[in-house]
Amino acid sequence: MIPTPPASRDRGVNNPFTDRSRWHVRAGSGVVFWLLALLAVGVAHRWVPASGWLLVHLVLLGAVTNAILVWSAHFTDALLRRQADSHRGQVCRLVTLNAGVAIVVAGMVASVWPLTLAGAVVVAAAVAAHAIVLVLQLRQALPSRFGGTVHYYVAGALMLPFGAALGAALAHGLPGSWHERLVLAHAALNLLGFVGLTVTGTLVTLWATMLRTRIVDGAERTARLALVVLVAGIVVAVAGCVADLRLLALLGVLVYLGGLGMAAVPLVAEARQRPPRTFATLSVLLAALWLTGSLVTLAVLVGRGPTWRAVGEGIDVVTAPLVAGFAAQVVIGALTYLAPVVLGGRPAVVRRTGVVIERFGTFRLVVVNGALLIACLPTPSVVRVLMSVLVLAGLGSFLVLLWLARRSARRGDTQEPGPVKAEREAEAARIAAGGRRVSSPHTGMLVAGLAVLALAVAGSVAVSPLAVSAGDGASTAAGVAPTGRTTTVHVTAKDMRFHPASVQVPAGNRLVIRLTNTDQSQVHDLALETGQHTRRLAPGGSAVLDAGVVGRSLDGWCTVIGHRQMGMVFRVDVVGGQSAREAQATAPASSDQGGMAGHDMSGSSAPSDASGPSAAADLDFTRKPGKDFRARDAALPPVPDGRVHRVSLTVRDRDMEVAPGVWQTLWPYDGRAPGPVLHGRVGDRFVVTLHNEGTMGHSIDFHAGTLAPDRPMRTIAPGQSLTYRFTATRSGIWLYHCSTMPMSAHIANGMFGAVIIDPPGLPKVDRSYVLVQSEYYLGPQHGTVDLTRLATGNPDLVTWNGYADQYDFRPLRARVGERVRIWVLAAGPDRGTAFHVVGGQFDTVFKEGAYLLQPGNATRGGSQVLDLGPAQGGFVELTFPQPGHYPFVSHAMIDAERGAHGIFAVTR
């Protein structure tokens, strides 16, 4: 048994930490906070940048690290038989730790690497200080039978600063195989070292205490030897990663597994003395099994894979089991056992508190571990989504029960609840029946948990029955008899190509494709012509596509807009199956649209490039919009105060009307196409933060600034953000647009806007308007840009400010004699403009940074057209001589007839 340390000697009246229970409740608030944050991010993950790795760090860096710092200090005092000091130093370390974790989280969400680096330094400093304190306590303490456990704590704490340094390097980005290598090294130091060593050392003594049995003889000696082996395994694994020796890294993982086996020998013997029956003990046992299974799986994957990419794939496969199955469960199991004692009270109150926090234990264990197991299997994405929800809900239920237990302890409840009374009576009945097993509440909860899992799987199939289909088996197998063998291929998506771009499969074999997206910013997927496809994969993501039995050759491609046209195609060549002509005769017509809409926590359904009839068939230029139609405000916004303008732009997919009755799914900046007009002066500085909340990679390119495009114009994946800073050094109207390839598709789908930098000394006018011309190449109704149409350069619509003829329906206003300035920008992507006001003449023309005409010129000349090529801009000025309606058009008349038309309504 672990002795309970006496209360602190610091008895100050105003010291909130003099009471041991109050101290642990307050110190444990960090664990609760980060678990609550985990639940919040889990629910809102689709709208949270970098949500996948953020979930991992909320558990490990937030909740688990807090628990380790609090309880390793507690157990050190108990094992070394020392009286606890004032908690002031520990409070300082915990505050520092949580500040560092918060900074790391902020840096990850905002994609600001210096912030992530600063947070990593703060976290490393807090844990290093904790290790130094433990070393000093060891040196001052008398010899103790289980003092060797503290050596586990010290070794683990000393590894985290090195792991934090690697984490900061990974956040910055690394070339080549360095990323995969240092991901494994980072995991070895932080997860296997800091967390694994601390948990293993604690279980040397805590496991027997939880089982309410004695520690077996020789446990401390075995623990000392196991520590040496475990540390050696971690060092070897990290060395293999750094030295680019994959087999050495694999050896390190195997050595670590051997150390775990040594440490488990006395723990297994203790479990045989008194088998685990409570939620706390079973949770810890299952956590240990998940750790062991994950490491065995990782070793197999790394050993079988030919490159470091296999290492990265292996880590992706075991991340969820290690985080949710091992780390989260071991913390929850240990806290379930410790919380009743921490909350305190009379023995009857402690027993009652324990009953409350263990409530529905068997049911929770079955749901969490069963759902996690199903999610780890090659199941359809819709099933994995529901299983992820069940895992999150099962783990989150601990927080609810902890709150109920604390409330029960405060009330001093001692009444035995019905479920516990029933269980006790069932045990008595078993004894009276001569040891024969009788029904117990555990059996009912076991059955209930399995029923929930079965219903969840069945429900997901009912919601999306196509999600469990391997596609059209007849068209895939093409009548070939199955061989019973499986061909598994590993494919990576990078730089607008699949690697390899084709594979050969023996006829009749089942084909399984493991796709990994190794791009740094682009989202990719893989669809086969039969309708099967993976989910959209964020950078670093992976998925499995089960094509079923294959008897004919198949084509595949990435369905993200434009990626197929840029060469992201895939080919399955069947050896011994149908000929190409026979396959074409039996195969369904090729379509860019997948046959199912599966999704999970890391992706979304895969839309097609374009399918269905074009919305151009619904164009009617005589049709008027509805009465609630509001034209885009064309008035130039004023220059904001100050010389530094901070702007936030968010990209989201949005269904927008582009002509009466014609709808397209655009990807606009801030929900508008064109995006917001930015207005400033020469010398102003712009700080623009771009948030990508779309379904694919996007970027932004400002023509108004001059700077190297490498970093600020980079493509960012969904959920990521970047900050773009530039100084306006020259005047004019400048285009900004998405520069992600294919650039034409992104601009044509609404990703453009204008920056206006006033020339010095620009005279005031009565009215200023902004007109941005652009084109639409219409896909189907509510679809996206038609890339085939785009390639012809022949648009369906040409518009001012994103909507065809909108200023015919809602004319721009002016008065007779007013000076009107009209800023004009040709956003393209491919067509320029010839801006003309019917019935008007320009006495001022400013084009591409220079005046071509100004009032008072000697010849009294005028201008009729402002001619602009794609991406060019300028402004014109004029006054209207009399009231009336003055049309403005692009004098490329076919474009005026396709929507580049509007009216100035002039009154007295």
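Phe 875 is buried, with a relative accessible area of 0%. That is a value from a predicted model, as is everything else I will show. Phe 875 sits in strand E26, residues 873–879. Its ring partner is Tyr 851, and the two form an edge-to-face pair, 6.0 Å centre to centre with 85° between the planes. Tyr 851 belongs to strand E24, residues 850–853, so the pair links distant parts of the chain, 24 residues apart.

Glu 848 lies in the loop between strand E23, residues 844–847, and E24. Its phi is near 50°, a positive value in a residue other than glycine. Most residues other than glycine have a negative phi. With a relative accessibility of 43%, Glu 848 counts as partly exposed.

Back to the rings. How many aromatic pairs does the structure hold? There are 24. A second one to look at is Trp 71 with Phe 75, which is tilted, at 5.9 Å between centres and 35° between planes. Some rings go beyond pairs: Tyr 769, Trp 800, Tyr 807, Phe 835, Phe 842, Phe 880, Tyr 886, Phe 888 and Phe 904 are linked into a cluster by ring pairs.

Next, the helices. Helix H7, residues 178–211, packs with helix H9, residues 246–273, at an angle of about 10°, and their axes are 10 Å apart. Because of that angle, H7 is roughly parallel to H9. On the H7 side the contact includes Leu 184, Leu 192, Gly 196 and Trp 207; on the H9 side, Tyr 256, Leu 260 and Glu 270 are among the residues. By class, the contact has 14 nonpolar, two polar and one charged residues.

Helix H6, residues 148–172, and helix H8, residues 219–242, come within 10 Å by their axes and cross at roughly 10°. That makes H6 roughly parallel to H8. H6 contributes His 151, Tyr 152, Ala 155 and Met 159, while H8 contributes Ala 223, Ala 226, Leu 227, Leu 230, Val 231 and Ile 234. The classes here are nine nonpolar, one polar and no charged.

Between H8 and H9 runs a loop that holds Asp 244. Asp 244 has a positive phi of about 60°, although it is not a glycine. It counts as partly exposed, at 39% relative accessibility.

Two peptide bonds are worth checking on screen. Most peptide bonds are trans. Ala 673 and Pro 674 are joined by a cis bond, with omega about 5°. Pro 674 is in the loop between strand E11, 662–666, and strand E12, 678–681. Met 741 and Pro 742 are also joined in cis, with omega about -5°. Pro 742 falls in the loop between strand E16, 732–737, and helix H19, 743–748.

Last, the whole chain. The secondary structure comes to 22 helices and 28 strands. Of the 908 residues, 54% are buried. Among contacts between residues at least 6 apart in sequence, 75% join residues at least 24 apart. The protein exposes about 38,300 Å², and carbon and sulfur atoms supply 60% of that.

How values were computed. Residues are numbered from 1 along each chain as its sequence is written. This is a predicted model: local features need pLDDT of at least 70, side-chain atom pairs count only at pLDDT 80 or more; totals for chains, interfaces and linings use all residues. Side-chain values use heavy atoms; hydrogens and water are left out. Helices (H or I, at least four residues) and strands (E, at least two) are DSSP runs, numbered from the N terminus. Buried means under 20% relative accessible area, exposed over 50%, partly exposed in between (1.4 Å probe, protein chains only). Contact means heavy atoms within 4.5 Å. Accessible areas come from the Shrake-Rupley method with a 1.4 Å probe; for residues, only the protein chains shown count as cover. Axes are lines fitted to C-alpha atoms, for helices over the stretch in contact, and angles run from 0 to 180 degrees between N-to-C directions. Angles under 35 degrees count as roughly parallel, over 145 as roughly antiparallel, 65 to 115 as roughly perpendicular and the rest as oblique. Ala, Val, Leu, Ile, Met, Phe, Trp, Tyr, Cys and Pro count as nonpolar, Asp, Glu, Lys and Arg as charged, and the others, Gly among them, as polar. Rings of Phe, Tyr and Trp (its six-membered ring) pair if their centres lie within 6.5 Å; planes under 30 degrees apart count as stacked, over 60 as edge-to-face and the rest as tilted.
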